[in-house]
Amino acid sequence: MTLPSGVTLRRAGRPAPGLAALYARGMDFPTTCPQCAHVNRAEFADSSVHDLRCARCGARYCVLVRKQKFEVLFDLGTRALMDGYAREAVASFAAALERFFEFYVRAFALEHAAGREGSFEEALTALEGTWRHVSSQSERQLGMFALAYLLREGREPDFLTPKGLGTEFRNRVIHRGALPTRAEVDAYAAGVFTLIDRLLTELGGSTAHAELVQEQAFAAHVRNLPDGVTVVFEEHPGMFRARRFGTLSPIAKPDKARVQAASGVNDARAFQQALFERALEERGSLLHGFKSAP
């Protein structure tokens, strides 16, 4: 490019990190070698199983992360948002909601099967076979969730509306390439967070049925590990309360004064925003590290 006489071109600020740097920061976590205490970085695996070799001493160890897919995705979205990547955050939040609907269906189906004759393995096999029919079609998955909610709670899932799910905003960002503002992403994240948190509360102890699936997968992997490999279980509270271990206190409902201060009106959106902001303040700093489960 030819510049007019007397005009110079200067780069403003630091160069933006490339996608490789973004993913390196957003999709890995620190883990401590059980032999020499060196902190290694590990990429999140789809299975939550991480077979690692220490960069310092060469020891082999396996990290099993007790965290569901929807939790990982939501926390990755939160990390992206905190780092200033609003568009990437929307994609993670949207995926987290879809995977939570799957988690809910699995929890309900296995809870229902627990009260009938037959083994857990038989119930899980039937569930996996049924899910294969809808695994590539999100609208059918949403239909399965709606039916599961009706059968379990005895009422219509009236929150499954385009407005309630933020569908138009999600499609505009993900499919039409819109560049959202931070305020828009905050509102979308708050809506997704509040919905998942509410449904987790309603599920209560029934989540244990779905959690057992992960524990069984862990056990099968551990049985096949060679001798000399140390197994490490890790649990991270993330943005949702660690219900299965009871290690975190629940977030209390914000009072009216706080809700009104957030938006000027006492409405559902203000409550969502206040709830998400409180969770972010309380747990956001924890998203860059893990703690070992007892």
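Residues are numbered from 1 along each chain as its sequence is written, and side-chain values use heavy atoms, leaving out hydrogens and water. In this predicted model, local features need pLDDT of at least 70 and side-chain atom pairs count only at pLDDT 80 or more, while totals for chains, interfaces and linings use all residues.

**View A. The second largest pocket holds about 460 Å³ of space.** A pocket here is an open set of points, on a 1 Å grid over the protein atoms alone, where a 1.4 Å probe fits, with protein on both sides within 12 Å along at least five of seven lines; lining residues have an atom within 4 Å of a point. The volume is the space filled by probe spheres set on the points. Look for Gln68, Lys69, Glu102, Arg106 and Val213, which lie nearest the centre among the 17 lining residues. Helices H2 (69-82), H3 (86-114) and H9 (207-223) each supply at least two residues of the lining, and H3 gives the most, with five. Helices are DSSP runs (H or I, at least four residues), numbered from the N terminus. By class, the lining has six nonpolar, four polar and seven charged residues. Nonpolar covers Ala, Val, Leu, Ile, Met, Phe, Trp, Tyr, Cys and Pro; charged covers Asp, Glu, Lys and Arg; the others, Gly among them, are polar.

**View B. H3 meets helix H8 (residues 182-203) in a left-handed crossing.** Their axes come within 10 Å and cross at roughly 15°, so H3 and H8 are roughly parallel (angles under 35 degrees). Axes are lines fitted to C-alpha atoms over the stretch in contact, with angles from 0 to 180 degrees between N-to-C directions. Left-handed means that the near helix is turned anticlockwise from the far one by less than a right angle.

**View C. Helix H4 (residues 120-131) packs against H9.** The axes lie 12 Å apart at an angle of about 95°, which means that H4 is roughly perpendicular to H9 (65 to 115 degrees). Phe120, Glu121 and Leu124 of H4 touch His209, Leu212, Val213 and Gln216 of H9.

**View D. Helix H7 (residues 167-174) passes H8 in a left-handed crossing.** Phe169, Arg170 and Arg172 of H7 meet Glu184, Val185 and Tyr188 of H8. Three of these contact residues are nonpolar and three are charged.

How values were computed
Angles under 35 degrees count as roughly parallel, over 145 as roughly antiparallel, 65 to 115 as roughly perpendicular and the rest as oblique. Contact means heavy atoms within 4.5 Å.
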